[in-house]
Amino acid sequence: MNTLTWLIRREIWEHRAIWMVPAAILVLLLAASVTGHIALGPLNLMEFEAGQRQLEGIPAEERGLAVAVVMAVIIGFFLAVMSFVGTFYALDALYADRRDRSVLFWKSMPVSDLETVLSKLLTAAVVIPLVGLLAGFLGFLVIATGVSVKLGLAGGSASLFWMPGTMLQVLATMTGLVFTYMLWLLPVIAWLMLASAWAPRAPFLWASLPVFAAGTLENLAFGSERVFELAGYRLMGAPERLFTGPGGDWRTLAEGEIFTRVFGLLASPDMWLGWVAAAGLIAATIWVRRYREESI
Amino acid sequence: MTDLIEARGLARSFGSTRALDGATFRVGEGRIVGLIGPNGAGKTTALKAILGLCRYEGELKVLGRDPFKERHQLMQEVCFIADVAVLPRWMRVDQLVELTAHTHPRFRREICEDFLKRTDIKRNSRVRQLSKGMITQLHLALIMAIDARLLVLDEPTLGLDILMRKQFYDTLLNEYFDGHRTILVTTHQVEEVQNLLTDLLFIHRGRIVLDASMDAVSSRFLHLEAKPDRADEARALGPIAERKGLGRIHMIFDGVEAARLAPFGELGTPSVADLFVAMLQGDRA
């Protein structure tokens, strides 16, 4: 276990985008917040007077909803950024050390290929989304602080925006949703990592071209789009099933309904089929990592 | 003496090329073995097989293990420096030491730190900022701190200047080698290692053409710098190689008594390089 922690630390050392990208955005947010350039859409704070009246005028319940939406938007933005970071990470994870020829050095360490691949999978599926959540929450705090200071300076109540209960609730819910989604995405991450372990070069093409080729061929041959549908479903299936469908979309979801849907998704055959596929792809990745002979 | 490496009929083909063609050899504990061969002779393939980095046919046991199946267990007791296994360029020196300390159970950090102190390597430098010589020193510092039974060196001093090369081998011999550890080394700069070696393995076209200790080599092979007028008589005793140089005739004999050769000129032990050339010519004939 200790080895695994250090291997994950190694990943963060090497792939500095994991923390530098969110850190850079946070710095920008902070700067924008200090100079007062932040616009909060739902609260219309650009027109500050109006925003203040708005915020003070509405009952606590709705204020809670406003805080929740602002928070969800900001964290969501960070998560979207981290999804790009994560995609590039997964594609690079088992390719970078082959490209810079340090792979044989790593193989001179008494670390099994299982541990290596596992450390990279955990980085992609756990560490990167966690960084996204944390950075998103920090980003929200930056903006919330900015808003509070403004409210205070304007003679209003600086604490209007601080609703710790709501914040914790939103954070917990989003954490749950994100990791449900990561569980759904496991086969996709595993696929990217297999491409990363396999590709002689350009892992991105090795990951995407087969899917496009298969989809196009299928379309030409049968006029159907099963491959593209499957790919789309494996990418977006979880949010689709959580936030749309019978019973209303995310705006109209009854309280607690989202949890029912999360558990429903976790228990669904599609989720489990994904895990089976992911296990197969990870096994293949370990195999390729182990037996692929680097040409010298 | 236990054998750390036992290879029997080791073979490996790449397409129609047979990189290893039934190589059979042993490496005993506490030996410093030079694996010498021309380019494409199968040196690197043999080393990769020993390190569990490539598939092979035939039998191979390293420290009693199957290297291909048990690479990561093997790497607890086997270290290697290969020209192709470069240190990760993005990494900082302190990160590298830290990570090795936490992933290698036989790594003794204080030895590594001690060694690094004697170099100009800064802890917060990234590997890419170091000179070629410093990178080798850094790698050596890591290796020296690992209590390994077998050290494999594949062209470890490639691209280093002569001072660095000498320092590298001096350090290895004086500070690393303790009589129990075993070193297997390949290099093109044979002259630089020949005084270091206890054993020779010549490999040619995927086969071992000579497997002998240096002691055995010096008692079996003789170098004769023949007097021009006695050259024919010497030639009658069947040298395995002959070359002319600076108006003299050099011959190498395999298993001919010194007393019989002595009248024809000056006798000596052939250099590893000369012997190697001689063996290869013999093999070709």
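Q: Which domains does the domain assignment give for chain B?
A: In this predicted model, the assignment divides chain B into two parts, and domain 1 is written as two stretches, 31-48 + 71-197.

Q: How many residues does domain 1 of chain B bring to the contact with domain 2 of chain B?
A: The centres of the two domains of chain B, taken over C-alpha atoms, are separated by 36 Å. On the side of domain 1 that touches domain 2, the classes are two nonpolar, one polar and one charged. Domain 2 of chain B gives four residues to the contact, and domain 1 of chain B likewise gives four residues.

Q: At what angle do helix α7 and helix α8 of chain A pack?
A: Helix α7(A) (residues 113-153) passes helix α8(A) (residues 164-198) in a right-handed crossing. Among the residues making this contact are Leu121(A) and Phe137(A) of α7(A), together with Val178(A) and Met182(A) of α8(A), and the contact residues divide into 14 nonpolar, one polar and one charged. The axes lie 9 Å apart, and the packing angle is about 150°.

Q: Why do the buried residues of α3(B) line one face of the helix?
A: In helix α3 (residues 93-103) of chain B, the buried residues are Val93(B), Leu96(B), Val97(B) and Leu99(B). They line one face because, seen down the axis of α3(B), they fall within an arc of 165°.

Q: Which helix of chain A do the buried residues of α3(B) pack against?
A: Within chain B, the buried residues of α3(B) pack against α4 (109-117) and α5 (132-144). From chain A, the helix they pack against is α1 (2-14).

Note on methods:
Residues numbered from 1 in each chain as written. Chains lettered and ligands numbered in written order. Predicted model: local features only at pLDDT ≥ 70, side-chain atom pairs only at ≥ 80, totals over all residues. Domains from an automatic or database assignment. Contact = placed C-beta atoms within 7 Å. Nonpolar A, V, L, I, M, F, W, Y, C, P; charged D, E, K, R; others polar. Axes fitted to C-alpha atoms, helices over the stretch in contact; angles between N-to-C directions. Helix = DSSP H or I, 4+ residues; strand = E, 2+ residues; numbered from the N terminus. Left-handed = near helix turned anticlockwise from the far one by under 90°. Buried ≥ 20, exposed ≤ 12 C-beta atoms within 10 Å, placed from the backbone. Arc of directions from axis to C-beta.
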